[in-house]
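Please look over the model shown here before reading on. The paragraphs below go from the whole chain to single strands and helices.

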Amino acid sequence: MLLQRTLKNTIRCTGIGLHGGNNVYLSLRPAPENTGIVFHRIDAGGALIPARVENVVNTQLCSTIANADGVKVSTVEHLLAAFAGLGVDNAYVDLDSPEVPIMDGSAAPFVFLIQCAGIVEQRLPKQWLRIKKSISVSDEDKHASFHPCDHFRISFHIDFDHPLLSEQGVEVAVTETTFIKDISRARTFGFLKDLETLRANGLAKGGSLDNAIVIGDFRILNEGGLRYDKEFVRHKIIDAIGDLYLLGRPILGHFKGIRSGHAMNNRLMRKLLARADAWELVETNNHASFAEFAPAPAPRIRQPVAAFSI
Ligand SMILES: [Zn+2]
């Protein structure tokens, strides 16, 4: 039987908020079984904001969640993707800002933090959300859908009206190994002209070549180039994995996204949850195909560190 997992130790770091541009203190802490991922705004009276789809209040540029009192946390998706990819079910995330730090624009720094903190099994069985029926949403040329599948699989396709981003697609069976190796290092990206507009509107103050791929008219402005073949669509997969973890459970199903973004991912999840016949919660001891898709053990870090800063 596969058990729920949490962090072994607390780990802290600091980083820059992408939109506010301020320094953010972040701490990841162990949490009891059935807690899920819960954000904790230490600068806002200790407000707790569970990472749940019903708490999503804004999906422009990033996913923002809020509690009933309106206390918000934005840019949750890359950190949630790291928790999902490493199979962490329960954790508290302390923040002293309304924004999760952008780090290097990918999920890799969060993967590193979680690996340094270590992962431990808990007493209660892990539960998956199994897709039983296909569900889809569309908006003009954007589409997102779930389909039944005996493991977690993502297909994503993007095409932009830009020579460097004309068409790319990736399909991946998401396991701890494939997430870390093939997905987690893909950075967020933006067009130089949009960055200038965002800055003029007081957004993306912390955005730089250190935390995003910046695309000019004819070339990528980052000195080191890309980290992956098709890094752009791989980053869209990070966003999708993070957004989908707002369902509160890992998924057994196939997510397909075509030009989908945070708003469409959110619409798809809400439509799924409203259709009680389209999904069910299952545990390892009542579903035969689990053993095969059990997450790989976490890689060993030779010298665990208590804290680091980026
Ligand atoms: Zn992203």
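This is a predicted model: local features need pLDDT of at least 70, side-chain atom pairs count only at pLDDT 80 or more; totals for chains, interfaces and linings use all residues.

Residues are numbered from 1 along each chain as its sequence is written.

The secondary structure comes to 6 helices and 19 strands; helices (H or I, at least four residues) and strands (E, at least two) are DSSP runs, numbered from the N terminus. The C-alpha trace spans about 55 × 45 × 40 Å along its principal axes. For 310 residues a compact globule would have a radius of gyration near 19 Å, and the 18 Å of the protein agrees with this; the radius is taken over C-alpha atoms, and the globule rule is 2.2 Å times the number of residues to the power 0.38. Of the 310 residues, 43% count as buried, that is, with 20 or more other C-beta atoms within 10 Å of their own, C-beta atoms being placed from the backbone (12 or fewer is exposed, in between is partly exposed).

Strands pair if DSSP finds at least two bridges between them. E14 pairs in the parallel sense with strand E18 (residues 251-258) over 6 bridges, and Phe152 has Gly253 as its bridge partner there. Another 6 bridges join E14 to strand E15 (residues 168-173) in the antiparallel sense, with Ile158 opposite Gln168.

Elsewhere, 3 strands form an open antiparallel sheet in the order E6-E7-E8. Strands E6 (56-58) and E8 (72-73) stand at the edges with a single partner strand each, so one side of each has no neighbour in the sheet. E6 and strand E7 (residues 64-66) pair over 2 bridges, and Val56 stands opposite Ile65 in E7.

The axes of helix H1 (residues 77-85) and helix H5 (residues 231-244) come within 7 Å and cross at roughly 80 degrees. Axes are lines fitted to C-alpha atoms, for helices over the stretch in contact, and angles run from 0 to 180 degrees between N-to-C directions. H1 and H5 are therefore roughly perpendicular, a term covering 65 to 115 degrees (under 35 is roughly parallel, over 145 roughly antiparallel, the rest oblique).
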